[in-house]
Amino acid sequence: MADYKIKVRRFQPESGQGPYWEEFKVELEPSLSVLDSLLQVKDREDGSLSVRCSCRAAICGSCGMKINGQSGLGCKTQIGEAQELAEKMARATASGPRTREAGREIAGDDERAQPGAEEAAPIIIEPMGNMPVIKDLITDMESTHWTKIRRVTPWLLPHGEAPEREYIVEPESMIDITQSMACIQCGACVSSCLSMEADPDFIGPAALAKAYRFVGDPRDAEGVERLHDLAEDPHGIYDCTHCFSCVDACPKDVAPMDQIMRLRRKAGEAGIEDPNSGHSHELAFVKIIEKKGTLDESLLLQESFAPGIKGKLVPSRRAIKEMLGSIPTAIRGIKTGKMRSLPKLIPGIHHKLPGTAQDEVQAIYKHAEEHNEEFNLYIKGDEGELAEIEAEENLETAIAAPAGEEAPS
Ligand code: SF4
Ligand code: SF4
Ligand code: FES
């Protein structure tokens, strides 16, 4: 048993007061969960402390919350680990820049633990972000999460006569969507999504992962229509900024960002043009790095709005028009340091890579083309390759095990 201090962000609407922080002491085995600590407080100290939970086994998706600023499940986070993270963050806060999400959240709190003080840093527990709080740690999942899930038509849309019994598909054809099918609708990814913070209308990671579950399903007949819908919506698949936050938050390894990249790949393959030029923007990155080795921001604008003809980095008439319209953005880019020098704005005055570095960059592209890899996606490999890697690892483990002993499984 060990003693822990948890600091909970509370909100009791019936009191007429705003949100406030309250600390509690709990006594638990380190391997027990943060949810267990809340239930202990509820049982022994304050029955009004409100938290949503059911399975206590990372299955039902009810207990989404922020722990030390990181969105996740209360029942899947061990209190011992949460304490270690709280200590680490307190030290980091004292010695330098704060961690992105957690640091920002806790930095706003004047009463945070002072590193160096004798007492251990408290574990900070808050309701999930990007959704209204109903009471204490209970958030309104309906107004954001479920509304967005319904937005993507989360059911199969097959064509033709329904079969007499179930639809039969090859098991292999479902492998691609098993990752998105693992979602338990906990909302942790929605809570952590930085794009949704900036644009609450963004369809969001959970709903887009759900959308891929149907786009990739061989029984669904409206994949292309779904892709048009998600790509042409200005708050759709191109509204994601690749921040990886949802990948870190997801307790079931759904990696919603990867599912969004899969949707983008399919939309690109279907030749769908989106109003934000998101697809052209991705291709522009790939093309400019191939030709120049580093990112030329001035060409990025041009190539995103109107790709050069025949794969060349030559401005077209539309590109010039769009670039003129983007002058305020460019000025902001220079001011914020994103466009580091004025000469870079003028095509042709872009610093080249030293020596043979550019040849090496192109060799990477050549290798990728020969091996069917894509640069604008984070998804690599296929099931065959993964099986091969696993088989190789098993073989290595078996060889490494001393004679007479079984290799660890
Ligand atoms: S990767 Fe995209 S969807 Fe995921 S949290 Fe970041 S912005 Fe949101
Ligand atoms: S994708 Fe992951 S984090 Fe998002 S709702 Fe599903 S299980 Fe939760
Ligand atoms: S209580 Fe079910 S996922 Fe945590």
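This is a predicted model: local features need pLDDT of at least 70, side-chain atom pairs count only at pLDDT 80 or more; totals for chains, interfaces and linings use all residues.
Three helices each supply at least two residues of the shell around ligand 1: α7, α10 and α11.

| Helix | Residues |
|---|---|
| α7 | 194–198 |
| α10 | 245–249 |
| α11 | 256–269 |

With three residues, α11 gives the most to this shell. In total, 15 residues surround ligand 1. The closest are Cys-193, Ser-195, Cys-240, Cys-243 and Cys-246. By residue type, the shell around ligand 1 consists of 10 nonpolar residues, five polar residues and no charged ones.

The protein chain as a whole contains 17 helices and seven strands. It has 409 residues, of which 34% are buried. Contacts between residues at least 6 apart in sequence were also examined: 63% of them join residues at least 24 apart.

One residue, Lys-66, can be described in more detail. Lys-66 lies in strand β3, which covers residues 64–67. A residue is buried if 20 or more other C-beta atoms lie within 10 Å of its own. Lys-66 has 24 C-beta neighbours inside 10 Å and therefore counts as buried.

Leaving aside residues up to four places away in sequence, Lys-66 touches Ser-71, Glu-126, Met-128, Gly-129 and Ser-191. A further pair is formed by Lys-66 and Leu-137, which are separated by 71 residues in sequence. In space, the C-alpha atoms of Lys-66 and Leu-137 are 9.0 Å apart.

Key
Residues are numbered from 1 along each chain as its sequence is written. Chains are lettered from A and ligands numbered from 1 in the order in which they are written. A residue is near a molecule or strand if its C-beta atom, placed from the backbone, lies within 6 Å of it. Helices (H or I, at least four residues) and strands (E, at least two) are DSSP runs, numbered from the N terminus. Ala, Val, Leu, Ile, Met, Phe, Trp, Tyr, Cys and Pro count as nonpolar, Asp, Glu, Lys and Arg as charged, and the others, Gly among them, as polar. A residue is buried if 20 or more other C-beta atoms lie within 10 Å of its own, exposed if 12 or fewer, and partly exposed in between; C-beta atoms are placed from the backbone. Two residues are in contact if their C-beta atoms, placed from the backbone, lie within 7 Å.
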